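The sequence and the model come first.

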Amino acid sequence: MSPRPEEAAMRREVVKRIETVIKDLWPTADVQIFGSFSTGLYLPTSDIDLVVFGKWERPPLQLLEQALRKHNVAEPYSIKVLDKATVPIIKLTDQETEVKVDISFNVETGVKAARFIKEYMKKYSLLPYLILVLKQFLLQRDLNEVFTGGISSYSLILMAISFLQLHPRIDARRADENLGMLLIEFFELYGRNFNYLKTGIRIKNGGAYIAKEEIMKVMTNGYRPSMLCIEDPLLPGNDVGRSSYGAMQVKQVFDYAYIVLSHAVSPLARSYPNRDSESTLGRIIKVTQEVIDYRAWIKKKWGSKINLSPELDNRLKIRDQIALCNGEQQQNRDSEPSYNQHLALSLASTQQLSSGSSASSVSSLSSSDIHSGMKFSMKGTHNQGNSYSPVSSGGMRQPVGNRGHHQYNRNIWRRKKHRDSLPISLSR
């Protein structure tokens, strides 16, 4: 699910079309990309975030909306002006590609956050691998947006940075660490060991777990730390996880993924009947045929238009090292070059670890104020955590928060004959 060059080329065309309209209105305006497209950590159906900088007393939302309609840039019924939102934006869906775009005015926080993330991507070469898998995992469960009860991409990235910062066993700056084991340990930490009631996450100054009482001392306007409390490294006093009202639902699906993956790499997995037909990662992540078709359509139409900037080219090299999920691997096996299935091989290699070498990296972090739950085990049986037990006497079941392995099951793609059968109605 990592970005492909032709997908980047398509998105650059979308940005160029919108920027042309903006420059026609305000020649001196500065249009900048932020969010996942800027960092390279976007999925095939992620939206594009743009911010326009200029001299206005109020954001000229309606004026830009009219111009976009006039130039037929967006689907007619897709343009929405959210002028009452905390950050006023224009939302639209590009007419030609069905890529969703959010446009804001004079908001610097998104651009600063993108620069911040890029810095940590340089520091921790393992970070992009974890993020792309985790974003896909949450996406297919409708838990990748705060308004659906999930967590934002920024919250997820900060959680992953904190995990790598405070890992007691590995050097997260090395590229040869076992990514499969790291993924399992991430799920273990945030699925069963992290104490959401008492503890907040701090990224600055090398990272730390901090008591929520300490965080509350610097919060303003009467705010209190949220359940998923993440101190904003760029804005002191801001709790990044404040809007994530479904944080405990995310905790449940992380716990579920930990159990599934740790069982899959245990010695008992050798006797599983579907061991040869299903990859380890494929047990928690699936890619729908619609997404495969959409990516094939993009490759066919934009494959000849690839012209990468050096910075974007470096970010897109992630795709050569991250494994594609089962369905997509099978679909593209004959048409694409063989990828270095780094993460898939890492997961497979964990089966060779002894119970001693697979001890959880996070177990040594445990304290009454930071962690709850039990230590990592790779033997296929697990002790129950303090608050949520996904294992019952009737066997393992998926938590309520898991909507199954069917991505985009709440969206139906339609096709337009005059647009090369473009599949649309894409969610993030």
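Helices here are DSSP runs of H or I with at least four residues, numbered from the N terminus. By that numbering, Met248 lies in helix 9.

## Model and overall make-up

The model is predicted. Its mean pLDDT is 75, and 69% of the residues of the protein chain reach 70 or more. The pLDDT is below 50 over residues 315–341, a stretch that has 62 contacts in the model beyond near neighbours in sequence. Residues 352–398 also have a pLDDT below 50, with 103 contacts beyond near neighbours in sequence.

The protein chain has 13 helices and 11 strands. Of its 428 residues, 55% count as buried. Among contacts with a separation of 6 or more, 70% are between residues 24 or more positions apart.

## Nonpolar cores

The largest nonpolar core has 67 residues, of which Met159, Phe186, Phe187, Tyr190 and Phe254 touch the most other members. At least two residues of this core come from each of helix 4 (109–123), helix 5 (127–139), helix 6 (153–165), helix 7 (179–193), helix 9 (247–264) and helix 10 (289–302). A second, separate core has 33 residues, including Ala8, Val21, Val73 and Ile90.

Leaving aside residues up to four places away in sequence, Phe187 touches several residues, among them Leu134, Phe137, Phe254, Tyr258, Leu261 and Ile284. Arg192 and Asp255 are also among the residues that Phe187 touches.

## Surface

The accessible surface of the protein chain is about 19500 Å², and carbon and sulfur atoms account for 50% of that. Leu197, Met227 and Met248 form a nonpolar surface patch, with about 280 Å² of accessible area together.

## Salt bridges

The structure holds 12 salt bridges. In one of them, Asp94 and Arg17 meet through their side chains at 2.7 Å, N to O. Asp94 is in the loop between strand 4 (89–93) and strand 5 (100–105) and Arg17 is in helix 1 (residues 5–25), so the pair ties together parts 77 residues apart in sequence. Asp94 is buried at 0% relative accessible area, whereas Arg17 is partly exposed at 23%.

Glu96 forms a salt bridge with Lys301, with the closest N and O atoms 3.3 Å apart. Glu96 belongs to the loop between strand 4 and strand 5 and Lys301 to helix 10, 205 residues apart. Salt bridges with shared partners join Glu13, Arg17, Asp94, Glu96 and Lys301 into one network.

Methods: Residues are numbered from 1 along each chain as its sequence is written. This is a predicted model: local features need pLDDT of at least 70, side-chain atom pairs count only at pLDDT 80 or more; totals for chains, interfaces and linings use all residues. Side-chain values use heavy atoms; hydrogens and water are left out. A nonpolar core is a set of buried Ala, Val, Leu, Ile, Met, Phe, Trp, Tyr and Cys residues joined through side-chain atoms within 4.5 Å. Buried means under 20% relative accessible area, exposed over 50%, partly exposed in between (1.4 Å probe, protein chains only). Contact means heavy atoms within 4.5 Å. Patches are made of residues with over 30% relative accessible area and no salt bridge: like charges are joined within 9 Å, nonpolar side chains (Val, Leu, Ile, Met, Phe, Trp, Tyr) within 5 Å. Accessible areas come from the Shrake-Rupley method with a 1.4 Å probe; for residues, only the protein chains shown count as cover. A salt bridge is a side-chain nitrogen of Lys or Arg within 4 Å of a carboxyl oxygen of Asp or Glu. pLDDT is the predictor's confidence in each residue, from 0 to 100.
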